Amino acid sequence: MTHPIQKAVVLGAGTMGARIAAHFANAGLPCLLLDIVPRDAAPADRNKIVLAGLDAAKKAKPAAFFTPALASRVSVGNFEDDLPRIADADWIIEVVAENLEIKRGLLAKVAQFRKPGSIVTTNTSGLPVHLIAEGLPEEFQQHWAGTHFFNPPRYMKLVEVIPGPKTSPEVLQTLSDFCDRQLGKGVVLAKDTPNFIANRIGTFSMLNALRLMQSLGMTIEEVDACTGPAVGWPKSATFRTADIVGLDVLMHVVKNIYETAPNDESRETYRIPSFVEEMAKRKWLGDKTGQGFYKRVKGGQAEKEILTLDLNTMEYREKQKARFASIEAGKAIEDTRERLRALLTPLFEGQKTDKPQQFIWGGLSEMCLYAGRRMPEIADNIVDVDRAMRWGFAWELGPFEMVDAIGLAAFAAQIKKEGRGLPAVFENALAAGRTSFYESSKGETSVFDLATSKNKKVEEPAGILILKNLKDAGREVERNSGASLIDLGDGVVCCEFHSKMNAIGADLIAMIHKGLKRLETDFDAMVIANQASNFSVGANLMLVLVGAQEQEWDELHMAVKQFQNINLAIKYAPKPVVAAPQGMTLGGGCEISLHAAKIHSAAEAYIGLVEVGVGLIPGGGGTKEMLIRANENAASGNDLDLFHTLRPFFENIATARVGTSAEECRDLGYLRCADTYSMNRERLVADAKQTALGLARGGWKAAASSWQEGAQSTQIKVLGESFLAAAKMAVHLMTRGGYASDYDAHVARKLANILAGGALSSPQLVSEQYVLDLEREAFVSLCGEKKTQERIAHTLKTGKPLRN
């Protein structure tokens with residue numbers, strides 16, 4: 001990095017500013033957060049506004065900080081007393097009100113105190129970046145840019161970097177590298193145009209959806225059914241997203257585009273609908289005011305009920321389930337590209353279509369055409385536009401990727417049939433004989449280049465491995481229906497899961513076994529990783545339920561033992577195995593990770609042993625591994641220390657507690673102190689590979705000559721009755737307090753018995769195999785209980801746990 005960034009300052013402690021400061025803290029940076037002094041403030045209250053902003057970030061849901069303790073990295077102050085403190089900052093980011101004069105006035109003061117070479121940026125969502133810093137010194141403008149984060153900044157991947165007219169290339173590179181590697185962001189270089197890339201296209205798409213809703217006579221629920229997972233967009237769809245963002249924010253963005261983009265041929269689309277203005281007058285702004293397009297009210301039995309706004313009457317009514325044949329049929333198609341083709345092909349072929357198909361075509365086609373018309377105004381390449389929409393709006397496909405999914409020729413033919421014009425980028429691609437904007441061959445992806453009308457390789461930042469590309473390049477060495485072995489290069493093999501939800505079954509276990517065999521002869525290290533949304537949701541519960549209902553107890557015992565044995569084989573492998581979990585890593589997915597020589601996770605890894613939610617206990621060695629970690633954490637090794645370290649582990653498993661970040665997973669014991677994580681999920685596989693190589697080249701040695709020996713020779717201290725009695729009392733108190741059902745208590749007592757090592761009269765040392773046998777007996781016995789089977793069936797049907 002040309003400019004190392006070691007300390008940050010955030011100017012403005014509103015919703016975005018405080019949460020950006022929180023994410024700097026997540027990244028390990030000390031951060032100074034400043035805001036205005038309240039009018040007529042007493043000396044003790046001069047930081048009242050900034051403290052309120054920081055407090056809101058501490059209480060934010062979803063959490064802004066990885067763990068509450070990280071808030072200590074954020075110090076506070078105000079613009080009047082503390083601006084001199086910015087002198088030692090490497091990056092100063094302005095996040096005050098979207099008012100040009102306020103921003104300019106503050107930056108003039110910043111220019112007096114910042115050190116030469118420090119980077120200054122604005123988080124404006126649409127004001128011209130060049131105007132904000134106009135007239136400031138030359139050296140300031142060389143270190144000036146826009147950095148537009150999306151809300152909430154911890155979770156939304158996109159950062160749009162917008163250079164000013166004098167921004168140095170080194171500053172752009174520094175910002176891009178830091179946002180990528182340290183903050184975990186996807187960086188897109190945007191031009192200094194109204195609302196940049198993502199908001200320009202996303203806002204158009206939302207306003208077009210409102211237009212189509214009125215012309216087709218659709219309800220709010222019907223529109224959200226058409227603009228969510230059906231087309232690869234988030235569940236929040238159109239109107240729930242608007243409520244989350246806030247109508248005031250949406251209106252500001254819309255007005256800004258209307259006022260600053262006079263040459264936009266679709267400018268009239270950026271007029272705020274009358275019903276939105278009426279909602280704003282009534283302060284129905286969304287979540288921030290308690291009601292918007294949706295409203296939560298108390299229903300029966302203290303549960304909350306969701307009401308929907310009827311835009312015809314401007315009154316709230318009961319939420320109605322939108323059911324359409326085409327949408328329902330599409331749910332059976334997992335792949336979004338295939339689903340889009342299935343939804344739209346009947347329309348292209350002149351067949352009868354329903355209202356959702358007409359809406360989806362009208363919405364997607366206009367959005368894609370609009371994106372095409374904005375090229376090269378907002379970006380010089382279509383890859384940045386697609387990435388901006390995927391990372392900033394959580395779409396599965398950007399507009400040009402969506403056209404490719406539908407088929408460029410079919411898309412263009414339908415547009416022409418309807419008498420609509422194609423943007424130049426579409427015409428040029430077709431004239432060049434292309435059938436798609438993107439092409440892939442042997443693991444390399446190329447894209448239609450606007451400047452030359454030829455293919456151009458899609459460049460990924462250095463240090464990123466994409467498993468699909470490696471497989472396309474012929475690096476897949478083994479494959480079955482649930483998993484693959486992929487050669488990552490440099491002597492490292494990857495076991496990639498790709499079953500549905502990466503649920504653990506026999507095929508996946510078999511592939512891990514094959515990988516471990518190949519590790520003995522062909523490779524130096526192994527990484528267990530995948531690039532799905534979630535690492536693994538755990539065991540295949542359907543197979544467990546069927547086995548229990550058929551009373552196939554021997555088969556269930558064998559299946560659990562096979563899973564235990566493969567985890568032992570991972571632990572005692574002759575060469576290092578690194579687990580690289582990301583997203584949900586639950587139940588069996590957690591157990592696999594716990595047995596690795598080291599975990600190198602994503603920062604956003606949600607790890608937990610959650611089996612009690614379906615009336616089971618962790619049966620693949622997870623309970624045993626947490627018992628081992630309790631022993632490791634017992635400072636002196638005496639019985640009392642072990643009791644105190646074991647108790648929170650018991651509570652975490654008994655309540656199915658899941659860590660909500662890698663840092664919290666460390667606090668919960670799922671990650672050890674030596675385990676590491678990557679802020680950018682896209683770098684996870686490559687980083688885990690380097691971790692594995694570090695172990696292999698650092699003289700790593702297996703703890704036993706075989707997993708069979710390790711299972712017998714490793715000694716674990718258990719406390720017996722002294723822990724079991726205390727755990728049973730804790731369960732009793734939870735039940736009396738209404739925190740656990742009687743059946744929860746029954747499962748928790750089974751768990752306590754394992755962690756205690758059984759009803760032993762005194763503490764003693766036992767082998768891993770001894771604890772695994774206790775796990776397996778408890779797991780299979782619970783499978784035979786009617787209430788466990790009811791819980792599993794309910795979870796499979798609804799995706800939610802059952803309290804019975």
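The elements covering the buried residues of helix 30 include helix 24 (622-633), helix 25 (639-654), strand 24 (715-718), helix 29 (721-736), helix 31 (768-783) and helix 32 (786-798). This description, like the rest of the report, concerns a predicted model.

Helix 30 spans residues 742-756, 15 residues in total. From its first C-alpha to its last it reaches 21 Å, close to the 21 Å expected at 1.5 Å a residue. The buried residues of helix 30 are Tyr-743, Asp-744, Ala-745, Val-747, Ala-748, Leu-751, Ala-752, Ile-754, Leu-755 and Ala-756. Just after helix 30 comes Gly-757, with a positive phi of about 80 degrees.

## Nonpolar cores

The largest nonpolar core holds 116 residues, and Phe-293, Phe-400 and Phe-437 touch the most other members.

His-600 is located in strand 21, which covers residues 598-602. Its relative accessible area is 7%, and His-600 is therefore buried, the cut-off for that class being under 20%. Not counting residues up to four places away in sequence, His-600 touches Val-578, Ala-579, Ala-580, Pro-581, Thr-676, Tyr-677, Ser-678, Leu-684, Asp-687, Ala-688 and Thr-691. A further pairing is with Ala-529, 71 residues apart from His-600 along the chain, where the two C-alpha atoms are separated by 9.8 Å.

Thr-67 is placed in the loop between helix 2 (48-59) and strand 3 (74-78). Thr-67 counts as buried because its relative accessibility is 7%. With residues up to four places away in sequence not counted, Thr-67 touches Ser-661, Glu-663, Glu-664 and Asp-667.

## The second largest pocket

The second largest pocket has a volume of about 790 Å³. Its lining consists of 34 residues, and Val-187, Asp-384, Arg-387, Glu-459 and Pro-461 are those that lie nearest the centre. By class, the lining of this pocket comprises 15 nonpolar, five polar and 14 charged residues.

Several elements each supply at least two residues of this lining: helix 6 (169-181), strand 8 (186-189), helix 15 (382-393), strand 13 (444-448) and strand 14 (455-457). Helix 6 provides the largest share, seven residues.

## Enclosed cavities

Three cavities of 30 Å³ or more are present in the structure. The largest cavity contains about 90 Å³ of space. Helix 7 (198-216) and helix 14 (355-373) each contribute at least two residues to the lining of the largest cavity.

The residues lining the largest cavity are Ser-205, Asn-208, Ala-209, Leu-212, Cys-226, Thr-227, Val-231, Trp-233, Phe-359, Ile-360, Gly-363 and Leu-364. Eight of these lining residues are nonpolar and four are polar, with no charged residues.

Notes: Residues are numbered from 1 along each chain as its sequence is written. This is a predicted model: local features need pLDDT of at least 70, side-chain atom pairs count only at pLDDT 80 or more; totals for chains, interfaces and linings use all residues. Side-chain values use heavy atoms; hydrogens and water are left out. On a 1 Å grid over the protein atoms alone, a cavity is a set of points where a 1.4 Å probe fits but cannot get out, and a pocket is an open set with protein on both sides within 12 Å along at least five of seven lines; lining residues have an atom within 4 Å of a point. Grid points are joined across faces, edges and corners, and a volume is the space filled by probe spheres set on the points. Helices (H or I, at least four residues) and strands (E, at least two) are DSSP runs, numbered from the N terminus. Ala, Val, Leu, Ile, Met, Phe, Trp, Tyr, Cys and Pro count as nonpolar, Asp, Glu, Lys and Arg as charged, and the others, Gly among them, as polar. Buried means under 20% relative accessible area, exposed over 50%, partly exposed in between (1.4 Å probe, protein chains only). Contact means heavy atoms within 4.5 Å. A nonpolar core is a set of buried Ala, Val, Leu, Ile, Met, Phe, Trp, Tyr and Cys residues joined through side-chain atoms within 4.5 Å. The expected span of a helix is 1.5 Å times one less than its number of residues.
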